[in-house]
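My entries follow the order in which I looked things up.

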Amino acid sequence: MGAGGRMTATERVAKEKDDLVGSVARPGPNQIKKSPSEPPPFTLGQIKRAIPPHCFNRSVLRSFSYVVYDLLISSALLYLALNFIPTIPAPFHYAAWPLYWAAQGCVLTGVWVIAHECGHHAFSDYQLLDDIVGLVLHSALLVPYFSWKYSHRRHHSNTGSLERDEVFVPKKKSSLGWYSKYLSNNPVGRLVTLAIQLTLGWPLYLAFNVSGRPYPRFACHYDPNSPIYSDRERVQIFISDVGLVTAVYALYRLAALFGFWWVVRVYGVPLLIVNGFLVLITFLQHTHPALPHYDSSEWDWLRGALATMDRDYGFLNKVFHNITDTHVAHHLFSTMPHYHAMEATKAIKPILGEYYQFDGTPVFKAMFREVKECVYIEQDNGGEGGKTRGVFWYNNKF
């Protein structure tokens with residue numbers, strides 16, 4: 001406290017963060033307080049009634065303002081990179097390119113998030129408009145828009161289900177490869193795991209369904225006949241492929257004009273950063289020692305949707321349109337636009353109580369901790385009378 005018991009500006013900021021975290025328990029060192037896994041004492045309707053009604057309103061003008069804002073910043077960064085970095089004397093210009101890559105990668109991650117909102121019909125009241133905007137933005141980032149839209153929708157419909165969730169489905173200890181204990185039990189192995197996950201995880205998931213749910217035959221996001229999709233969705237998967245081919249052709253023309261390495265410098269490296277952030281954000285939202293997973297005997301939609309973790313990326317929360325620190329609300333009401341999600345999160349926290357999960361651990365520290373602690377899942381044996389339950393928790397003991 002400042003003089004006379006008044007709070008300083010720093011203390012007020014800390015209190016506001018405490019208000020956001022609210023009732024989330026703060027366990028002692030090396031101790032994780034698990035999220036409740038019993039059916040909650042509230043309903044989805046009760047949660048919705050706690051949210052101001054305007055939070056569900058989607059504005060075409062406001063949504064487009066974020067698209068324009070992000071693209072203007074991205075264009076400005078590109079202009080600076082092409083016109084000012086070459087004028088910087090050697091060897092200092094070599095340090096300028098990584099700054100451009102980092103900044104452009106973060107801004108384009110925000111563009112990716114807006115396209116993701118289009119897939120949820122959270123951009124506007126018009127589904128066709130949402131799909132056109134999403135297709136253009138995601139294709140520009142080499143994402144098959146409709147393909148991912150439908151698989152991601154199933155992830156939202158089955159979050160936390162060991163049998164039906166679509167991505168980052170944890171494995172039981174008996175299903176691990178022989179190499180798992182060597183990778184997870186030492187810092188070098190964990191670093192290798194993260195490096196592969198952040199650089200190759202996204203394309204491997206799209207092309208080969210790596211880390212996704214098992215299907216009876218080969219599953220690929222680029223294949224209209226993939227078992228991921230229903231018959232009525234296959235035409236749109238083809239449209240996604242057309243969007244990707246168009247984007248790749250545009251890149252080919254740029255490479256023909258300016259050179260392959262020019263395209264790598266101005267587009268390729270930032271895209272790798274976008275892909276890395278996408279994997280990291282999703283990984284940290286759904287991977288935490290406090291989060292349960294459920295088999296078919298226990299799973300229900302509400303408990304699955306609550307088995308997600310809000311995180312704090314600092315100033316990047318705004319750059320990423322708060323997909324990082326309002327993910328719980330997003331899973332509960334995925335058609336809500338991002339610009340209302342923070343207000344909604346504050347409104348639902350008193351209802352959710354301990355079912356609301358937030359971890360403010362710095363992201364760099366959190367990703368290494370989760371790779372170390374969340375190696376496999378094991379069944380909860382803490383049921384009534386010591387009976388096993390269809391609830392599973394992360395473990396790392398070999």
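I began with the term: two strands pair if DSSP finds at least two bridges between them. The model is a predicted one.

Entry on the sheet. I looked up the strand order and found an open sheet of three strands, β1-β5-β4, with antiparallel pairing. β1 (293-294) and β4 (376-379) each have a single partner strand and stand at the edges, so one side of each is left without a neighbour in the sheet.

Entry on the pairings. I noted that strands of a sheet pair through backbone hydrogen bonds, either parallel or antiparallel. β1 pairs with β5 (residues 391-395) in the antiparallel sense, over two bridges. Tyr294 has Val391 of β5 as its bridge partner. Between β4 and β5 I found four bridges, again antiparallel. Ile377 stands opposite Tyr394 in β5.

Entry on β5. Is this strand buried or exposed? Taking buried as under 20% relative accessible area, I found five of the five residues of β5 buried, so β5 is largely enclosed by the rest of the structure. I then checked its two faces. Val391, Trp393 and Asn395 lie on one side and are buried; Phe392 and Tyr394 lie on the other and are buried as well. I recorded both faces of β5 as covered.

Conventions
Residues numbered from 1 in each chain as written. Predicted model: local features only at pLDDT ≥ 70, side-chain atom pairs only at ≥ 80, totals over all residues. Heavy atoms only, no water. Buried < 20%, exposed > 50% of the residue type's maximum accessible area, 1.4 Å probe, protein only.
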